[in-house]
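Hi there,

I am passing a structure on to you, and I hope you enjoy looking around it. Please open it first, and then read my notes below.

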Amino acid sequence: MSGTAHAARHDAPDQPVFVGQVKDKLEALFPSYPTRMACLLPALWMVQEARGWISPDAIAEVATVLGLTPAYVRGVATFYTMYHLHPVGRHFIQVCGTSPCHLCGSDEVMKAILQQTGCGEVGATSPDDRFTVIEVECLGACGFATPILVDDDFHDSVTPERVAGVLARYP
Amino acid sequence: MGFPHPNHPKETIVLSQYFGDADARTYAGWVKRGGYEALKKALGMAPEAIVEEIKASGLRGRGGAGFPTGLKWSFMPKGDHKPHYLVCNADESEPGTFKDRELMRWTPHQLIEGCAIGAYAIGAERCYIYIRGEFTEPWRVMTKAVEEAYTNGALGANVFGTGKRIDIVLHRGAGAYICGEETAMMNSIEGRRGNPRIKPPFPAVAGLFGMPTTINNVETLTAVSHILNRGAAWYKGLCLSSPKSTGTKLFSVCGHIMKPGNYEVTMGFPMKSLIHDLAGGMRPGRRLKAVIPGGSSVPIMNAVEAEAALCDYEGIVAQGSMLGSAGFIVMDDSADIVYEIYRLAKFYAHESCAQCTQCREGTAWTTKILERILKGQGKREDLDLLLDLSEQMTGKTICVLSDSCATPIVSGIKKFPEEFDAYLSRAKAPALAAV
Amino acid sequence: MSDLVNVTIDGVAVAVPKGTTIIEAAKQAGVLVPHYCYHPSLPSPAVCRMCLVDVEKAPKLLPACVTTVAEGNVINVNNEKSKKARESVLEFLLINHPLDCPICDQAGECELQDYVFQEGRANTRYGDYAKRFNPVEDFGPDVLYVANRCILCTRCVRFMESVADEPVLNVSERGDRAFIGIDPDHLLTHPWSGNVVDLCPVGSLISKDFLHKARAWDLDKTASICPGCTQGCNTMIDTRDDIVVRLRPRANLEVNRHFICDTGRADYRWMNRGDRIEAPLVREGGKLIPTDWDHALARLAELTRGARSIVILASGRASTESLGFVRRLADHGTVTAAVKVPLGTEAPLAGVPNLALRKERAPNLDGARLAGYAATWAGALAAAPGADLVLVLDADIDDAEAATLARARSAVVIGTVDDDRIHCANLLLPTTNMAEENGTYVNRDGRVQRYYQAKAAPGMARPAWWIAAEAGHLATGASAPKTAAAAFATLSSSMPGLGGLTYADLGHTGRVVSPATTGAAR
C-alpha cells in the first residue's frame with residue numbers, strides 16, 4: 001500500500017474504479033481465493049486507494065464485480081473502521097488512544113495535532129481540507145507510544161513537540 | 001532483546017536475534033543466517049513426524065490461549081482429500097502487545113519459513129497470513145519477502161524442487177480487533193463481517209471456506225523453524241519453572257516503564273526482573289502500582305502479585321491473572337486505575353462485533369457507568385451494578401470479548417477499591433468534564 | 001433404540017432423535033425455551049443468548065438453539081441460573097429499546113414484551129442515559145424499519161440471505177451502534193419479503209398495510225388456507241369487528257414452513273367487499289325479485305331437474321364441498337364442468353423446496369379435479385349457449401363471458417359479489433366467500449386442508465354446498481348435510497379420491513390424498 005493513498009481522491013466518483021490496471025489487479029487475486037466474496041476486503045482497499053474513500057457508487061460497483069448485493073457490501077464495509085465511507089481530508093491521521101498510549105500521554109499528542117492541523121475536534125476535517133484526524137483503538141505499537149498513522153505512513157514515539165515536524169511532511 | 005535496546009544478558013535470544021538487522025529482511029540475508037534450512041529439512045520429513053516433533057517441544061500457542069501447537073496440528077484430518085488451510089494470525093490488536101509487528105518487520109522470512117513448515121505439516125497447500133490493516137510497514141515488508149520467497153523457490157508449485165506446493169497469500173485486515181479471534185478471522189478472509197462463529201464445528205473440522213483449517217499466531221509459527229533446526233529436546237529444555245511452559249517468549253512491555261520494548265526470555269522468567277532489570281523499571285521517583293500482563297483482556301495484577309509472578313502460562317495464573325498474549329501494560333503510582341479501566345471498556349465497546357446481546361449492550365453500558373464515575377457523578381451502587389453486569393457478561397457469549405471487557409473491571413474493583421472510592425466519595429476531582 | 005437420546009428437561013424425561021437441539025427437545029417435553037434469534041426455518045446464529053440454559057455438568061450455560069442433546073443430559077430451563085441469565089439479557093435488550101408499546105403495532109404479540117412481563121426486572125438500572133436513536137426507515141413497499149426497537153436478532157437478514165436468496169438486508173456498523181441496513185436502490189421488493197415482518201420478534205419491522213389498524217388483543221384469529229394459488233399455504237386470518245385486517249402465515253412444515261408470499265398476504269380486501277348479493281334473487285317478468293330461501297331453492301331444484309345438459313362454470317376458489325355438491329346437482333344429465341384458473345408468474349422461495357407462488361392462481365384446482373371438473377374453461381364456456389342450464393359457482397365473469405352467458409337458455413349464479421354482468425341469470429343465489437365459511441381445499445400436492453370461518457356472512461348468504469345440497473334434496477330426496485363436516489364426509493365416502501377422510505382426520509396440517517398431480521386439473 002503506497003503512502004499516496006489519497007492522492008487521487010478528486011477523481012469523478014461516478015467513474016468506475018475497476019477498469020484497466022485496477023481491474024487487472026483485482027482479477028489477479030481471484031486465483032488466491034476459492035470464492036469471489038473473499039476478494040471483498042481487498043477490493044474495498046483498492047477503491048479506497050484509488051479514490052480516497054468508498055462512495056455508494058463504488059459499493060454498488062464492488063457488488064457487481066464480485067457478484068454480491070450492495071447491501072451486503074455495505075454491511076461488511078461498515079464493520080471495518082479503516083474504510084472511509086465518507087470523504088476525508090487529503091491526509092488521514094489516526095492517533096492511538098488506548099490505555100498503554102494514554103498512560104504515555106496520547107491525550108497531549110492528540111491535543112497538539114488537533115490544534116496544529118486546525119481540525120479542532122476528533123473526527124473533523126480541517127477547513128483547508130488537508131487533514132482529517134481520528135482517535136483509533138490500539139495500533140499495536142504500544143512500546144512506541146504514541147504511534148500515529150498518517151495515510152499509510154507509521155510514525156512512532158510521537159510527542160507534542162514532534163507533531164509539527166511530522167505534519168510538515170504532508171502538504 | 002534487540003531493537004531498539006541492546007540485548008540484555010538475561011534475555012534468551014532466539015526469535016529476536018535479528019531485530020534491527022536490516023540485512024536479515026532479505027532472502028539472501030536470511031539464507032546467510034541459516035534461514036530455510038529448517039524448511040528443507042521439513043520437506044524431507046513425513047508431516048506426522050513434524051507434528052510429533054512440535055508436540056515433543058512443548059510449544060504452545062503464543063496468541064493468548066496457550067493451546068499446545070503440535071496437538072492442534074494433529075487435529076487436522078488425514079486423507080480426506082479436501083483442501084486444508086493454514087491461517088497465520090498476524091492481526092495483533094491486543095492492547096499492550098506489539099511482538100508480532102516486530103517479528104514481521106525484522107524477520108519476515110522467519111515467519112514465511114514457519115508458515116511453510118506448518119502448512120506442509122498439516123497438509124495445506126495454502127497459507128493465508130492475516131495482517132491487521134494498521135500494520136502498513138509490516139505489510140510492505142511481508143509483501144516484499146513473500147515475492148522474494150517465490151522468486152527463490154521457497155514458495156510456489158515446486159518448493160525447493162521437492163514437487164511440493166506451498167502458497168502464501170497475504171490478506172489485509174481493515175480495522176477490527178475482533179478479527180484476531182480465529183473464527184472471526186476466517187469470516188473476515190471469506191469477505192464477511194468479522195463475527196466470531198459458534199464452535200463446534202471447530203476449525204480443524206470445518207474452518208476457512210468450510211475446510212479443515214489451523215490458525216496459529218505469528219510468534220508460534222516463527223518458533224517452528226528453530227525447533228526443527230535444534231530439536232524438540234533443546235526447546236523443551238528452555239524452561240525455568242513449569243514443565244508445561246517451554247521455550248522462549250517475547251514479552252512486550254509498555255506503559256509506565258523506562259525502556260518499553262520486546263524482551264525475549266525463557267518461560268518461567270521472574271516478572272520482577274523483567275520489569276525492573278530488563279525493561280529498566282519505573283521512572284525516577286515512581287513506584288509500581290499495577291500490571292495487566294496478557295494484553296488488556298486479563299485480570300489486573302497489583303504490584304505484589306506482579307513482582308511475585310513467574311512469566312509463563314502457569315506462573316501468572318498462580319498470581320491471579322493470565323499470560324494471554326504477554327503484553328505487559330505497566331502502571332506506576334501516577335496511573336488512574338479507574339480511568340484506564342474506563343479506557344479499556346471503551347475499547348471493547350468500540351470493538352464489539354454486535355452479535356451477542358450481553359456484549360453489544362454490556363460493553364457500552366459499563367463504559368457509560370465508568371464514565372459517570374469519572375465525571376464525579378457516580379453512585380455507591382454503581383460498583384455493585386458493574387460487578388453484576390460483568391458477571392452476566394462473562395461466559396455467556398460466543399467469543400470472549402465481553403469477558404475481556406468485564407475482567408479488568410472486576411479485578412480493578414476488587415484490587416483497587418480505594419481508587420473507585422475516591423471518585424464516589426468526591427474526594428478526588430472528576431477526571432472527565434461533566435456535561 | 002440407539003438413535004434416540006434420553007434427556008430430562010425441567011424434570012420431564014423425553015427421548016428424542018440424535019442430533020435434536022435442546023430447544024426442540026424441550027418442546028417435546030412441553031417446555032418453551034425463550035428465544036429471539038432462533039427460528040426453526042432459519043439457520044441459527046446463537047447471538048441473542050436468550051436461550052442459554054443450564055445443562056448439569058456443563059461448565060457454562062449453553063445456547064439451547066445450537067446445542068444438541070447428549071444421552072443423560074439433565075437440562076434446567078427454569079432454574080435460578082438460567083432465569084438470571086435471561087433476566088439479564090432482557091435488561092440488556094431493554095436499555096436501548098423504547099418503551100413505546102402504547103403506539104407500537106407489535107404490542108400484545110411482542111416477544112420482548114411477553115418475556116419481560118414474564119421474567120424481566122421490574123425496574124431499569126440503566127439510569128438516565130439517552131437511548132440509542134435512529135430514524136424510521138422505509139424498507140420497501142410494505143415494510144417500515146423502526147430501528148429504535150430493533151434487538152439485532154438478525155432473523156430478517158438471515159431470511160433474505162438464506163431463504164429468499166436475495167441478501168438486501170445487512171447488519172451495519174458494530175457494537176451498540178449496529179442497526180439493520182438496506183441499500184436505498186434495492187428495497188424489500190422480493191415477492192416473499194413481507195415475511196420479515198412476521199419473523200421480527202419485536203415491533204421493529206412492521207407492515208405499512210397493517211400500520212395502526214388494530215391492537216393485537218382486539219383481533220380474532222382464524223386458521224385458514226391462502227386462496228391465492230395452488231400452493232395452499234396455511235394462514236391465519238386476523239379480523240377486527242368482523243373485518244379482515246391482516247393475513248399471516250401459519251406454520252405447516254410440509255407446505256409453507258412459516259412463510260407466505262406478499263401476493264397472498266396482501267390479497268384480502270375482497271373478503272370485506274360490501275357490494276354483495278345479500279338475498280336470493282329470482283327472475284320474474286324480466287326483473288330480479290328478492291325472495292326467501294324456500295322459494296329460491298325450489299326454483300333451483302326445478303331448473304336443474306329439467307335440464308338434460310348442464311354446464312358448470314366454477315371459481316377455483318370454491319371449496320371442495322361446494323364444488324362437490326354443485327356437481328352432484330347435475331349428476332342426472334350430461335355435465336361439462338370447469339373451474340376458472342387465473343394465471344400469473346411463478347415466484348419460488350429459493351430456500352424452501354417445493355414452495356412458490358404458483359402460476360395457477362386458484363387454491364382448489366385439485367379439489368375441482370377430484371370433484372369431476374374435467375373440462376377446460378374455454379371448452380365449458382363454448383358449451384354454455386347450447387346447454388339446458390348454466391350453473392355459475394362464484395366465478396369471475398368478464399364482459400365477453402357475460403355475453404356468452406346471456407345466450408344461455410337458462411342460467412343460475414351462486415355468487416358473492418353483485419355485478420351487472422351476472423344479472424342475465426334466471427336465479428341469483430347469495431353465497432359465502434371463503435372467509436365466511438368452513439371448507440377444504442386440495443393443494444397441488446393432493447393435500448386436503450381445512451379452513452375455518454373467520455367472519456360472518458352478509459345477509460342471507462349461505463355456503464354453496466348447503467344451497468346445492470338443499471336443492472338436491474328437493475330434486476331427488478337425497479339427504480342434505482347440515483354442516484361442512486357432514487358435507488365433506490358425504491363427499492369423501494362417495495369420491496374415491498378423498499379416501500373416506502373426515503374433518504377429524506385432517507387436523508391442522510391436512511392430509512395428502514393423492515400423489516402430486518401438478519397440472520392434472522389444468
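**Domains**

The C-alpha centres of domain 1 of chain C and domain 2 of chain C are separated by 27 Å. Please keep in mind that this is a predicted model. Between these two domains, 14 residues of domain 1 of chain C are in contact with 14 residues of domain 2 of chain C. The domain assignment of chain C places domain 1 at 4–78, domain 2 at 98–118 + 127–218 and domain 3 at 281–517. For chain A, the assignment gives domain 1 (20–79) and domain 2 (91–167), and their C-alpha centres lie 29 Å apart.

Is Ser106(A) buried or exposed? Its relative accessible area is 2%, and because buried means under 20%, Ser106(A) counts as buried. Leaving aside residues up to four places away in sequence, Ser106(A) touches Cys96(A), Gly97(A), Cys101(A) and Thr146(A).

**Loops and a helix in chain B**

Chain B has a cis peptide bond as well, from Lys199(B) to Pro200(B), with omega near 0°. Pro200(B) belongs to the loop between α8 (182–189) and β4 (213–217) of chain B.

Next, look at two residues with positive phi. Phe160(B) is not a glycine, yet its phi is about 50°; you will find Phe160(B) in the loop between α7 (136–151) and β3 (167–172) of chain B. Ala326(B) has phi near 60° and lies in the loop between α13 (313–318) and β11 (327–332) of chain B. Phe160(B) is partly exposed, at 22% relative accessible area, while Ala326(B) is buried, at 0%.

Helix α17 (residues 401–415) of chain B spans 22 Å from its first C-alpha to its last, close to the expected 21 Å. Why can we call α17(B) largely enclosed by the rest of the structure? Because 13 of its 15 residues are buried.

How many cavities of 30 Å³ or more does the structure hold? There are 5. The second largest cavity has about 90 Å³ of space. It is lined by 13 residues, and those closest to its centre are Pro196(B), Cys353(B), Cys356(B), Cys359(B) and Cys399(B). The lining is made up of 9 nonpolar, 4 polar and no charged residues.

Happy exploring!

Conventions
Residues numbered from 1 in each chain as written. Chains lettered and ligands numbered in written order. Predicted model: local features only at pLDDT ≥ 70, side-chain atom pairs only at ≥ 80, totals over all residues. Heavy atoms only, no water. Buried < 20%, exposed > 50% of the residue type's maximum accessible area, 1.4 Å probe, protein only. Contact = heavy atoms within 4.5 Å. Helix = DSSP H or I, 4+ residues; strand = E, 2+ residues; numbered from the N terminus. Expected span 1.5 Å × (residues − 1). Domains from an automatic or database assignment. 1 Å grid on protein atoms, 1.4 Å probe; cavity = no way out; pocket = protein on both sides within 12 Å on 5 of 7 lines; lining within 4 Å. Points joined across faces, edges and corners; volume = space filled by probe spheres on them. Nonpolar A, V, L, I, M, F, W, Y, C, P; charged D, E, K, R; others polar.
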